[in-house]
Each structure stands twice: as structure tokens, then as C-alpha cells.
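I have a new structure open and my notebook beside it. I'll jot down what I look up as I go.

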Amino acid sequence: MLKRILVAIPIVVLVALAVFIQSWVLAIFVVILGVMCQYEVVRALDGNGKPVVKAVSYAFAIILAWLFLCSNHFVSDLGLEPLLTVQWVMMLFIACVMATFIAAMFTKRHTAESILNTILTLVYPQLIFALFYLMLLDAHVNLHVYSNLRDMAVYYNIMLLLFLVFLPAMFSDTFAYFFGMAFGKKKLCPSISPKKTVVGCVAGIVGGVLAGVLIWLVFENMLTISGQKVLVGSLPNFIIKGGVLAAISQFGDLSASYLKRMVGIKDFGKLLPGHGGVVDRMDSILFCIPTLYILNFIIF
């Protein structure tokens, strides 16, 4: 437990720096997360009897990361349109799927299973990170936070986005763990995650709702550096988002556990002692990213 806490401290510091400094610190931080998650998932599959066309999988991650970094420079520094768009993501994805088929046809090592495994790595986690990239770029245009100064509005808009991606999942995980340990008896999915309970699941959703309320309270009472009031959406919208994101985050955690059981591993990596790999820390958040992307279209 002590090892987990000691490792968690620098992680929290890095996340806080990325959230509050933003700019290139955030862009590079997110890209490193995306590439590291891709590496861990590919290694987990390919190293445990589930061959992957690694060149295609890594190329997809690297090209998306490069386009995002270029787009971040274009949008934030030059005020131009981003290079990375939904159309580019889909074209790259389809091109990589075709390249996977071609590679499998002309190599003896790869089979139909390799094609399916590779497509899985293109979707999980990289296509999800592509949505994260797009949301961060879109935050410069579609503002959910209002201020008299546009630069400040963009800054707090990105901060709000990051809070919604991370906090409901973190609150859900914490509430589920402690309430599940204290009161949980009925197992939720014993074949996938023996420690998860129904009580923990419900407590996790409550935790997500509280996270949504806390985020709303913080932003509703926040002033910019220039003394301008920050305006956000209504409290019910944050309650809905917090609850939904918390529930989905638990499915993200279970999905990662299912994938690990499928390949016969305990953790995706050993980079973070006591925690596993980057994917082991990001598993619940990975499902929150597309969920928030959808929620932002449905409700304010």
C-alpha cells in the first residue's frame, strides 16, 4: 500500500502540471500517454500468443500523435485550423486496416487472428485517444465555459474537459473500493474481477455524481486571473455527466480486466510499481473519453 501511495504522488503532480499549465506540457503529456498505452496493449497481446502487426499498430499511434502536436501548434499558437480532424482519423484508421490485411497476406507469421488483434489495438486504445485529441482541439472552438476574455475561456474550457475526464472515474474508483471493502458481499463479475461488488458499483456511481457536483461548484464560484467570473452549464447536467461517466468508468475497468484474463497477464506493464502499467491506471478513463465526447453532443 505504501509503495502505491509513493508512486501515486508523482503521478498526481504530473497530471496537475498538465491540467493547470496546459499548452505544450499538456499536449506532450497526452501524446506520451497515448503512445505508452499503445505499446503496452500491443506488447500484452503479441507477447502472449496473440500476434499483432506491430508496424501498423505503432504507425497509427505515432501518426495520430504527430498530427495532434502539429494541430495543437496551429490552433493554440497560430490560430489556424487543426490538421487533425474526424475525417483524417477515419481515413488513417481505414488505411491501417487495409495495411494490416496486406501485411497478413504477404507474411507467414500473420494470420486472420493477427488481423483481428491488430484492429483491436487500433481501436483500443488508439482510436479512443484520437477522440481525446479531437476534444482537446475542439475545446478552442466549442466553449462550455464563458468569460469576457477568450484566451481565459479556452484555458478554463480545457480544464473543465480534463476534470470531467479524470475526476468522476477517480471518485468512482475510490468510493467503489472503500464501500465495497466495508459493505460489499454480492460479487459484481466474479469471473472477471473477483473483488468488485454490487455495493461498490453503486457507491462508485454516487462518487461520480459527487464529483460532478464538486466540479460544478468549483467552476461556478471561480474567478479568472483578471477577476472575471467563469460561467458554466447547469448543475443537473453535471450531475448526469458525473453519474454516467462513473458508471461507464467501471465498465472500462472491467473491460481491461477481461482483456488481461484473455491473454493471461496480471498487469499491462511494470512502469508504475504497485500500479502496473499506464493502461492499468488509464483503463477506466479510456471509456470515459468517448462517453464524454458523446455527452457533449447530447447535453450542454
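My entries below go from the overall build to the charged side chains.

**Entry 1: what kind of model**
I note at the start that this is a predicted model.

**Entry 2: the elements**
I looked up the secondary structure and got nine helices and two strands. Reading from the N terminus, I wrote the order down as α-α-α-α-α-α-β-β-α-α-α.

**Entry 3: overall form**
Does the radius of gyration agree or disagree with that of a compact globule? It agrees, because a compact globule of 300 residues would come out near 19 Å and this protein has 20 Å. I also took the box filled by the C-alpha atoms along the principal axes, and got roughly 65 × 55 × 35 Å.

**Entry 4: inside and outside**
Of the 300 residues, I find 47% buried.

**Entry 5: charges**
I counted 20 positive and 13 negative charges, and their mean positions lie 13 Å apart. A reminder to myself: side chains of opposite charge can pair when their charged atoms come close. How many salt bridges turn up in the whole structure? The search gives six, and I followed up some of them.

**Entry 6: Arg-109 and Asp-46**
I started with the salt bridge between Arg-109 and Asp-46, at 3.0 Å from N to O. Arg-109 sits in the loop between α4 (86-105) and α5 (112-138), and Asp-46 belongs to helix α2 (residues 23-46), so this pair ties together parts 63 residues apart in sequence. Are the two partners buried or exposed? Asp-46 counts as buried because its relative accessibility is 16%, with the cut-off for buried being under 20%. Arg-109 has 46%, so I put it down as partly exposed. I also found that Asp-46 and Arg-109 are linked with Lys-54 in a network of salt bridges.

**Entry 7: Lys-50 and Glu-113**
Next I looked at Lys-50 and Glu-113, whose side chains meet in a salt bridge of 3.9 Å, N to O. This pair links distant parts of the chain: Lys-50 is in the loop between α2 and α3 (54-78), Glu-113 is in helix α5, and they are 63 residues apart. I have Lys-50 as partly exposed, at 22% relative accessibility. Glu-113 is partly exposed as well, with a relative accessible area of 35%.

**Entry 8: Asp-280 and Lys-260**
Where does the salt bridge between Asp-280 and Lys-260 sit in the fold? Its closest N and O atoms are 2.9 Å apart. Asp-280 is part of helix α9 (residues 278-298) and Lys-260 is part of helix α8 (residues 235-263), so the bridge ties together parts 20 residues apart in sequence. I checked burial here too, and both Asp-280 and Lys-260 are buried.

**Entry 9: Lys-266**
My last stop was Lys-266, in the loop between α8 and α9. Lys-266 counts as exposed because its relative accessibility is 69%, and exposed means over 50%.

Definitions and conventions:
Residues are numbered from 1 along each chain as its sequence is written. This is a predicted model: local features need pLDDT of at least 70, side-chain atom pairs count only at pLDDT 80 or more; totals for chains, interfaces and linings use all residues. Side-chain values use heavy atoms; hydrogens and water are left out. Helices (H or I, at least four residues) and strands (E, at least two) are DSSP runs, numbered from the N terminus. The radius of gyration is taken over C-alpha atoms; the globule rule is 2.2 Å times the number of residues to the power 0.38. Buried means under 20% relative accessible area, exposed over 50%, partly exposed in between (1.4 Å probe, protein chains only). Lys and Arg count as positive and Asp and Glu as negative; His and the chain ends are not counted. The place of a charge is taken as NZ of Lys, CZ of Arg, CG of Asp or CD of Glu. A salt bridge is a side-chain nitrogen of Lys or Arg within 4 Å of a carboxyl oxygen of Asp or Glu.
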